[in-house]
Structures are given as C-alpha cells and as structure tokens.
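Here are my notes on the model, as numbered points. Please read them with the structure open.

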Amino acid sequence: MKVVLFCGGYGMRMRAGANDDIPKPMAMVGPRPLIWHVMRYYAHFGHKEFILCLGYGAHHIKNFFLNYEETVSNDFVLRGGRTELLSTDIADWTITFAQTGIESPIGERLRRVRDHLDGDEMFLANYADVLTDAPLPEMIDRFSRRDAGASMMVVPPQSSFHCVELGQDGLVGGITPVSDLPLWENGGYFVLRQEIFDHIPENGDLVADGCAQLAKRGRLVAHQHRGFWQPTDTVKERTALDEAYARGERPWAVWERERTGAGVSA
C-alpha cells in the first residue's frame, strides 16, 4: 500500500533561527531524521512505496536520500577497503519525490500527488513528523472492513493544562486536567480511500475539509490509540525524543523489537 508523506511545511516552531532552513521532517532523532523514523515504521509493516509531498526545504530531503549512507544504521564488514553490508534500510523502498508547492495546504498537497497513487482504492498518509507504536495492520484491517471514506488515528489530549469550570460571580466550580476530559485529538495517521478527493477543494485541507465532510456524512471512522504517540511541533519535543533515543527508550522503533526478541504487537 502506498504511503503519502506531507513534508513540505515551514515548521516554524521547530526552527532555531532565521538562518535555519531545515524542514521539520529533517530534524534529527538519533542518527536519522524524523522522516526516516516514520518511513521505517511503515516499511516494517510491508509498506515501502512512498510519495513525498515536498515544498519548503525540499533540497534537504532530496539530498538526504540521494546521498544515503546505509552504514549509519546497519552493521557491515570492511574487507579489503570495501564495505559489505550485513543489512539495509532502504534498498527495497520506492520513493517518489513530488514538488507540491511552498504554500500549499495539506489537502492541496494530496490533490497534487493523486496521479502517483495509480487509482489505488486505499492508501496511507502521514504528516511525517509524528512517531507512534500503533498497530498499523490492525488499523488498516479495521478500516478495510468498514464502509467509510477515511480512517483517522486519534489519541488522548497531550496538553498538561487544566480546564477551569466557572460559575456565577467568577467562582471556580472545578478544575480538570485536559488529559482527563472525554476528548480525542487527531493523531496524524490516516488510512484513506479515493473518496477523500471528492471532498477536498482546490487549496483545501485534508482534515478541516476532507475529513470534516466525510464526518458529516457518517463516513469517517476513528482508530483510538492509547499507546505511545509523540508529535514534534517544537524544539523541546524533538529534543525529548532525541534524548530518549540516546537512552535506548524508543517505543516507536517497532522494527527493533524483532532484533531483541520482544516481538511486535499488531
């Protein structure tokens, strides 16, 4: 199944300053950028055809893959001055690099790569900057058995803020952590059918337009995930992931579990 990755935004909250032109999906977590971790997740489950919706900083992403160094994340033997890889990451991946505009909303980026989907009934989509250990095969299987146009992974609110209930005269009636409220937020992992294109107008948005219209028609389903999920909207969040990687705490790296004998939950 093809995987569409949205990796053309500015990522302003992730940037370190005016001279920092690295797109957010290229921010490093361990020895590899975020987009690699996301792609490795999908590839682990057998989905190795990627369509990258490029925009801002596209040359950084292109150069990374054009000059990819397998030895960074794979074991190898150096024999007679020549490298013999014992395993590879991307040798069996197919990656389409598509320029979808600098200012394009997510929905428009998706519209512009429709031809690359070859009319496939179902495909996957992701923001390219969110890591999770969600059981992807289960997500796909549940959706494939439903008569719906799209599936959106949803997660509990991640905010540490509190909601305050106000009564008369400004008296506080109660204080509740946002995470305790019966709310869910968009987790950024989508399983889509071609029907989604019927509801995204020119320069429209995937969620606010496409998914919202499907929801009104009762054709949007949610996959609830309470496991590991971590966005990287800010430098602080990216740094936390990088530090966790250094400590060996990387639950999103489902491809590493087989090496350690822990198995993979699907």
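**Notes on helix H5 and the cores**

1. Start of H5. A side-chain oxygen of Asp205 comes to within 3.0 Å of the backbone nitrogen of Val207, at the start of H5. Keep in mind that this is a predicted model.

2. Buried face of H5. The helix spans residues 206-216, and its buried residues are Leu206, Gly210, Cys211 and Leu214. Viewed down the axis of H5, these buried residues fall within an arc of 80°, so they line one face of the helix.

3. Opposite side. Ala208 and Lys216 are exposed on the other side of H5.

4. Packing partners. What do the buried residues of H5 pack against? The strands are E1 (2-7), E10 (150-155), E13 (185-193) and E14 (220-224). Helix H3 (106-112) is also a partner.

5. After the helix. Gly218 follows H5. The phi of Gly218 is positive, near 70°.

6. Largest nonpolar core. This core holds 48 residues. Leu5, Tyr41, Tyr42, Phe50, Leu52 and Phe65 touch the most other members. Helix H1 (residues 34-44) gives the most to this core, with eight residues.

7. Leu52 in detail. Not counting residues up to four places away in sequence, Leu52 touches Leu5, Cys7, Ile35, Met39 and Ile61, among others. The list also includes Phe65, Ile95, Thr96, Phe97 and Ala98.

8. Second core. A separate core of 21 residues includes Phe6, Leu110, Phe190 and Leu206. Leu206 is also one of the buried residues of H5.

How values were computed:
Residues are numbered from 1 along each chain as its sequence is written. Side-chain values use heavy atoms; hydrogens and water are left out. Buried means under 20% relative accessible area, exposed over 50%, partly exposed in between (1.4 Å probe, protein chains only). Helices (H or I, at least four residues) and strands (E, at least two) are DSSP runs, numbered from the N terminus. The arc is that of the directions from the helix axis to the C-beta atoms. Contact means heavy atoms within 4.5 Å. A polar contact is a pair of N or O atoms within 3.5 Å; within protein, one must be able to donate a hydrogen and the other to accept it, and residues adjacent in sequence count only if both atoms are side-chain atoms. A nonpolar core is a set of buried Ala, Val, Leu, Ile, Met, Phe, Trp, Tyr and Cys residues joined through side-chain atoms within 4.5 Å.
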